[in-house]
Amino acid sequence: MDFAVVGVNHNDTPINIREAVSFTDTQKIEGINFLLDNGIEEIIILSTCNRSEIYIYSQNILDKVEVVKDFYEDFFNVENIKKYLFYKVGKEAIKHLFNVSAGLDSLVLGEDQILGQVKDAHDFSRQLGASKKVFNKLFREAITSSKDIKTTTKISQQPLSISYIGIKCLKEKMKTLENKSALVIGLGKMSKLAMKHLAQEKLNNIYVTNRSYEKLKSIQDEYKNLIPIKYEDRYKLMDKVDIVISATASPHTILKKENMPKLSNELIMIDIALPRDIDKNLNEFENIEVYDIDDLKKISEKNDKKRRELACAGELIIDEKIEEFNEWLDTIKIDPTIQSLNDKCSDIREDTLDYIYRKLDLNCRDKKIIDKMLTSALKRLVREPIINLKQIKDSGKQEEYIKMVEELFDL
């Protein structure tokens, strides 16, 4: 058995390819079931605005990597998708997961949102029965490691979320945001972060809209200048605002060029969704500028020097956690042998008790005493071999001992 991760992410794949291979929950279910049917033991799909990655644990791992690559090609029907797919195997795949969970492989170094997304991806797969003993352990360790890094390095306290970078981009373009007006579309974490940062910039009005108008009422009291509007009225606000920030989970474009009214005002639009919310062709209007995640990436690269210093400390924590996980992984190799030994003891116990009960006329109390004594004696017999097997660190020596135990006990 071995690990691998296959997919695309923001490091070397353009946004139009990333959004084309972004998974909906329904597609995750289809993909997981397909890969399980093709002999992969454990599977977790992590699909975010910056990555689409499939983590697998299986025998014949390199063959299974090709299965996943073929799956991407057939499932999404994206031309030349294999050109963009990366893969990592073994320890590199494990290290990649730990880095991703800690935000050390994020567009915004050390950002917090990815940790929740990793948790959700693990829970989703676990509920489908596709994350079992090994991935349950691995992903929990990656999540714990991420929390340790954030506590130790305070890396997330450096204000560089993608929403923050979007606001920073706006300030650079507009010189000041004071007395401006903005429209925020969506009520997810990114949108709420954007509202929080905008509120600190002394805007006149922050309009907010979402497909569910009822949900808007729950946040209306959080900011004094927050004005909820109906989703179908979003285009009507375009000539009343200076800024539009959109971060929905919609699979389709929600602001289209053909629906945009003619504007007399200058408008800057920040699209932090994937798939993208805003039609990139809106840039063709002279008075509209549209920035997407990849545009913001260029800005973030100039601003994360401090986080890179903190990330070095995070790498040391990750290396320790991976070493602990690998030690645990070595111990589970003996699980089948331990189970076989216990099964052997159980068979001997049942056969012996059956013989004793047939030969002797015992009352219920005597039967229980004999059962307990026999069970205890058999456990004493295998306890030492099991403890010694677990303590062997050398994997070659451990495999040799496992084979010897199996031969001696006829397992």
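Where is G188 found? G188 sits in the loop between β5 and α9, where the labels count DSSP runs from the N terminus, a helix being H or I over at least four residues and a strand being E over at least two. The model is a predicted one, in which local features need pLDDT of at least 70 and side-chain atom pairs count only at pLDDT 80 or more, while totals for chains, interfaces and linings use all residues. Residues are numbered from 1 along each chain as its sequence is written, and side-chain values use heavy atoms, with hydrogens and water left out.

A pocket here is an open set of points on a 1 Å grid over the protein atoms alone, where a 1.4 Å probe fits and protein lies on both sides within 12 Å along at least five of seven lines; lining residues have an atom within 4 Å of a point. G188 has 32% relative accessibility, so it counts as partly exposed. The scale calls a residue buried under 20% relative accessible area, exposed over 50%, and partly exposed in between, using a 1.4 Å probe and protein chains only. S191, by contrast, belongs to helix α9 and, at 1% relative accessibility, counts as buried. Leaving aside neighbours within four places in sequence, S191 is in contact (heavy atoms within 4.5 Å) with V184, I185, G186 and A247.

Now for the sheet around that loop. It is an open sheet of 6 strands in the order β7-β6-β5-β8-β9-β10, with parallel pairing; two strands pair if DSSP finds at least two bridges between them. β7 (226-230) and β10 (288-291) stand at the edges with a single partner strand each, so one side of each has no neighbour in the sheet. On average, neighbouring strands are turned by 20 degrees against each other, direction ignored. For angles in general, axes are lines fitted to C-alpha atoms, for helices over the stretch in contact, and values run from 0 to 180 degrees between N-to-C directions.

Going strand by strand, β5 (residues 181-185) is joined to β8 (residues 243-246) by 4 bridges, and the two run parallel. In this pair, I185 stands opposite S246 in β8. Helix α9 (residues 189-199) packs on the sheet and touches β5, β6 (205-210), β7 and β8, its direction making about 165 degrees with that of β5. β5 also pairs with β6, in the parallel sense, over 5 bridges, and here A182 faces I206 in β6. The chain gets from β5 to β6 through α9, and this β-α-β crossover is right-handed: with the strands pointing away from the viewer, the path from the first strand over the helix to the second runs clockwise. In β6, 5 of the 6 residues are buried, so this strand is largely enclosed by the rest of the structure. Another 5 bridges join β6 to β7, again running parallel, and the bridge partner of I206 in β7 is L226. Helix α8 (residues 162-174) lies across β8, β9 (267-271) and β10, at about 160 degrees to β9.

There is another sheet to look at. This open sheet has 4 strands in the order β2-β3-β1-β4, with antiparallel pairing. Its edge strands, β2 (42-47) and β4 (86-89), each pair on one side only, and the twist averages 15 degrees from one strand to the next. Strand β1 (residues 2-9) and β4 run antiparallel, joined by 4 bridges, with V5 opposite K88 in β4. Helix α7 (residues 133-153) packs on this sheet, touching β1, β2 and β3, and its direction makes about 40 degrees with that of β2. Helix α6 lies across β2 and β3, at about 145 degrees to β2.

A further "binding site" set from the unreviewed UniProt entry includes T48, C49, R51, D112, Q113 and Q117; from this set, the lining of the largest pocket takes in T48, C49, Q113 and Q117. R51 lies in strand β3 (residues 51-58) and counts as buried at 3% relative accessibility. D112, in the loop between α5 (91-101) and α6 (113-127), counts as partly exposed at 44%.

Key:
UniProt positions renumbered as here; feature names shortened; annotations may be inferred.
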